[in-house]
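This briefing is meant for a reader who is meeting the structure for the first time. Please keep the sequence and the model side by side while going through the points below.

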Amino acid sequence: MAYHLENRLVIGVSSRALFDLSTENEIFRTQGVEAYCKYQVEHEKELLAPGNGFRLIEALLNINKIPGQEERVEVIIMSHNSPDTSLRVFHSIAHYGLNISRAVLASGASLTPYLEAFHTDLYLSADEEDVQAAIDCGIAAGIICCDEIRSYHEQKEIAQIRIAFDGDAVLFSDESEQIFREKGLEAFEENERLQAENPLKQGPFAKFLKTISDIQNEFPPEQAPIRTALVTARSAPAHERVIRTLRAWNVRIDEAFFLGGITKRNVLKAFGAHIFFDDQAVHTTPASEVVLSARVPYKQNDRQEHKRDP
């Protein structure tokens, strides 16, 4: 019988987002692919240490252990590794008891066609080009910082997954943000006041939020395995359009923070976020000190528009 991925939460994750491959990545960067492959084969019986995304992936897979949610979450390794260099990753997956059995091993080829083929809802990677390509194809994706690896023992086991999103250019399109960039805060707020009853267009993470919301709706609020938060620089009067948009989409956001320029770092820490998605490094960099943070790049054509902004 064929295994179908419809009606599942499909997470694509790179091996470097899941495991600590900082040494191996440095070999690849400085010595090339041949040296990297040689090193991986020579060390394939050595276990990899968990990386920054490990606990999140572990917690997402644990949703499958909830009665009635069996096989609800599918995690797929999406890697530029060749099959020959992948054994170390699979040995480590088995050692840590992660229920991951499917993988794309592209031997350096583009991963984008396979993200679409596997109906991927979210792709997490440390590779900016891969994430950019995913975003350009309409797939929710974030660049995870792997420059500093948190100790596995510092990463507490997750009982309830807490996901935080920025608004504009993440959950919503960046149309309103472009008004802010081009004309300033006053024009932005006036536009949002006038457009308050017109829902914002969907951003790259809108579909992902809806998929999460579908899972949440199968549980009483206090028992849901995932809790979400909107953490945005918007404030009144620009809040109303956001609330009405979420209502129009019929999706659930458990907590919302309209910060009006207040730093997001402390709010994310207080919320207890396990991952935070934002389009600007000015937010993800300080946030990454307290929470796994992933930067969401603009679509390629949108990036060109931003570059032309005064």
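Predicted model: local features only at pLDDT ≥ 70, side-chain atom pairs only at ≥ 80, totals over all residues.

A residue is called buried here when its relative accessible area is under 20%, and exposed when that area is over 50%.

**Gln40 and its surroundings**

- Gln40 belongs to helix H3, which spans residues 33-42, and because its relative accessible area is 1%, Gln40 counts as buried.
- The side chain of Gln40 makes a polar contact of 2.9 Å with the side chain of Arg88.
- When the neighbours within four places in sequence are left aside, the residues in contact with Gln40 are Leu21, Glu24, Thr85 and Arg88.

**Gln178**

- Gln178 sits in helix H8, made up of residues 175-183, and with a relative accessible area of 16% Gln178 is also buried, because that value is under 20%.
- Between Gln178 and Tyr39 there are 139 residues of separation in sequence and 46 Å in space, taken from C-alpha to C-alpha.

**The sheet as a whole**

- An open sheet with mixed pairing is built from 10 strands, which follow one another in the order E3-E2-E1-E4-E5-E10-E9-E6-E7-E8.
- The edges are formed by strand E3 (102-105) and strand E8 (255-258), and since each of them has a single partner strand, one side of each is left without a neighbour in the sheet.
- On average, and with direction ignored, neighbouring strands of this sheet are turned by 25° against each other.
- As a general point, the strands of a sheet pair through backbone hydrogen bonds, in either a parallel or an antiparallel way.

**Strands E4 and E5, with helix H7**

- Strand E4 (residues 122-125) and strand E5 (residues 140-144) run parallel and are joined by 4 bridges, and Leu124 has Gly142 in E5 as its bridge partner.
- Helix H7, residues 128-136, lies across E4, E5 and strand E10 (293-295), and its direction is at about 165° to E5.

**Strand E6 and its partners**

- Strand E6, residues 161-165, is mostly covered, with 4 of its 5 residues buried.
- The pairing of E6 with strand E7 (residues 226-232) is parallel and extends over 5 bridges, and within E7 it is Thr228 that stands opposite Ile163.
- E6 also runs parallel to strand E9 (residues 275-278), to which 3 bridges join it, and the bridge partner of Phe165 in E9 is Phe277.

How values were computed. Residues numbered from 1 in each chain as written. Heavy atoms only, no water. Helix = DSSP H or I, 4+ residues; strand = E, 2+ residues; numbered from the N terminus. Buried < 20%, exposed > 50% of the residue type's maximum accessible area, 1.4 Å probe, protein only. Polar contact = N/O pair within 3.5 Å; in protein donor to acceptor, adjacent residues only side chain to side chain. Contact = heavy atoms within 4.5 Å. Pairing = 2+ DSSP bridges. Axes fitted to C-alpha atoms, helices over the stretch in contact; angles between N-to-C directions.
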